[in-house]
Amino acid sequence: MALKLEMQGQTYGPFINEYTVRDLMLLGLGCGAGSDGKTDLEYVYEQDLKVLPTFCAMPIVDSEVTKTIDFGFEWGGSLHWGFDFRVHRPLTPELVTGKLSTTVLLKGLYDRGEGRGCLAQHIGETRNQDGTLLFTNESWDCCLYDGGFGGPKAPRDIVEIPQRQPDFEVTEQVPLNQALVYRLSGDYHPQHVDWAYAQKFGHPKPNLHGVSTTGVACRHIIRSVIPGEPERLTRFKTRLTKALYPGARVKTQIWKWSDNCVHFRVVDADDSDCCYLNFGLVEWR
């Protein structure tokens, strides 16, 4: 089926979601918080509850958004390519619970070439009931089976990864059921739960959601550079470079870049040549 190129440049929504404290805790669980029963409990325990900043990525990858902005891609080949979200207000449970409204601009469709896929760029803006802009998320999807349509190339945007030992490293095993938990936050794509569906499109088993993978890295970075203060985070950017399957052991490698910025990547703890997230940066106030 031909891509619906005329959908580019259009804004969709508003998409309305109502979040509760329980949703914040479910997000934390779906990003591995507390998987050992004691680490990063601030994201899953109502006492002094904190908001995991990858909450900013949730509204734009909600299943309703994906179905509405269906520009004719093959669903089985759709993978998240990257996120770049900016937080305009310190995230607190009081700020993000209740009804939030998200509009999404399909900014562009870019051609990687036949057999390499199409890149889709979405810009989401999320506001509270008062109309206050809370965060903006630039989200990219790679539609593996939809390249070669003659579109423009994507703009080049690479974050430098230093050629030296990381300043921080955090290792963690991803629970086998993490994708099953994360999907309850609103991304119900079958590739994350259905073994036959995943194998039909070249995966040995269901893979982990991109937001869940980035949530693991986000926890590691906050714990390393601004422990206990996730509300200070103002920007999180990364590329998803390889599918991550639950059960893997991952290592987040973090390099100091400036007083309020680190660069990072996430690799397999047993094979550093296997990189799940790359070209990442985090900034904070």
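# A predicted model with a ten-strand open sheet

In strand β5, the residue T136 is the bridge partner of R86. That pairing is one detail of a predicted model, in which 10 strands form an open sheet with antiparallel pairing, in the order β1-β3-β4-β5-β2-β7-β10-β9-β8-β6. The points below go from the sheet and the helix packed on it to the pockets, and then to some individual residues.

**The sheet as a whole**

- The edges of the sheet are held by β1, residues 11-19, and β6, residues 168-173, and because each has a single partner strand, one side of each is left without a neighbour in the sheet.
- Taken on average and with direction ignored, neighbouring strands of this sheet are turned by 20° against each other.
- Helix α6, made of residues 210-225, packs on the sheet and touches β2, β6, β7, β8, β9 and β10, while its direction makes about 135° with that of β6.

- Strand β5 runs over residues 133-143 and is mostly covered, since nine of its 11 residues are buried.

**Strands β9 and β10**

- Seven bridges pair strand β9, residues 261-268, with strand β10, residues 271-284, in the antiparallel sense.
- Within this part of the sheet, L281 in β10 is the bridge partner of H263.
- F279 is found in strand β10, and this residue has a positive phi of about 55° although it is not a glycine.

**The largest pocket**

- The largest pocket holds about 640 Å³ of space, and among the 36 residues that line it, S78, L79, H80, D141 and Q191 are the closest to its centre.
- At least two residues of this lining come from each of α2 (63-68), β2, β5 and α6.
- Sorted by class, the lining of the largest pocket consists of 18 nonpolar, 14 polar and four charged residues.

**The second largest pocket**

- The second largest pocket has a volume of about 520 Å³, and 23 residues line it, with W81, A154, P155, D157 and R239 lying nearest its centre.
- Two or more residues of this lining are given by each of β2, β3 (98-111), β4, β5 and β7, and β2 gives the most, with four residues.
- The lining of the second largest pocket divides into 10 nonpolar, three polar and 10 charged residues.

**Two histidines**

- H122 is found in strand β4, where it stands opposite S139 in β5.
- A relative accessibility of 7% is the reason why H122 counts as buried, and, when residues up to four places away in sequence are not counted, the residues that H122 touches include I60, F71, V104, L106, E138, S139 and D141.
- H203 has its place in the loop between α5 (195-200) and α6, and with 10% relative accessibility H203 counts as buried.
- Not counting residues up to four places away in sequence, H203 touches L79, Q191, A198, A243 and Y245.

**The loop between α1 and α2**

- D62 lies in the loop between α1 (21-30) and α2, and D62 is buried, its relative accessible area being 14%.
- Leaving aside neighbours within four places in sequence, D62 is in contact with N17 and G186.
- From C-alpha to C-alpha, D62 and A217 are 21 Å apart in space, and in sequence they are 155 residues apart.
- D40 likewise has its place in the loop between α1 and α2, and at 7% relative accessibility D40 counts as buried.
- Although D40 is not a glycine, it has a positive phi of about 60°.

- The peptide bond from G13 to P14 is cis, with omega near 10°, and P14 is found in strand β1.

How values were computed:
Residues numbered from 1 in each chain as written. Predicted model: local features only at pLDDT ≥ 70, side-chain atom pairs only at ≥ 80, totals over all residues. Heavy atoms only, no water. Pairing = 2+ DSSP bridges. Axes fitted to C-alpha atoms, helices over the stretch in contact; angles between N-to-C directions. Contact = heavy atoms within 4.5 Å. Buried < 20%, exposed > 50% of the residue type's maximum accessible area, 1.4 Å probe, protein only. 1 Å grid on protein atoms, 1.4 Å probe; cavity = no way out; pocket = protein on both sides within 12 Å on 5 of 7 lines; lining within 4 Å. Points joined across faces, edges and corners; volume = space filled by probe spheres on them. Nonpolar A, V, L, I, M, F, W, Y, C, P; charged D, E, K, R; others polar.
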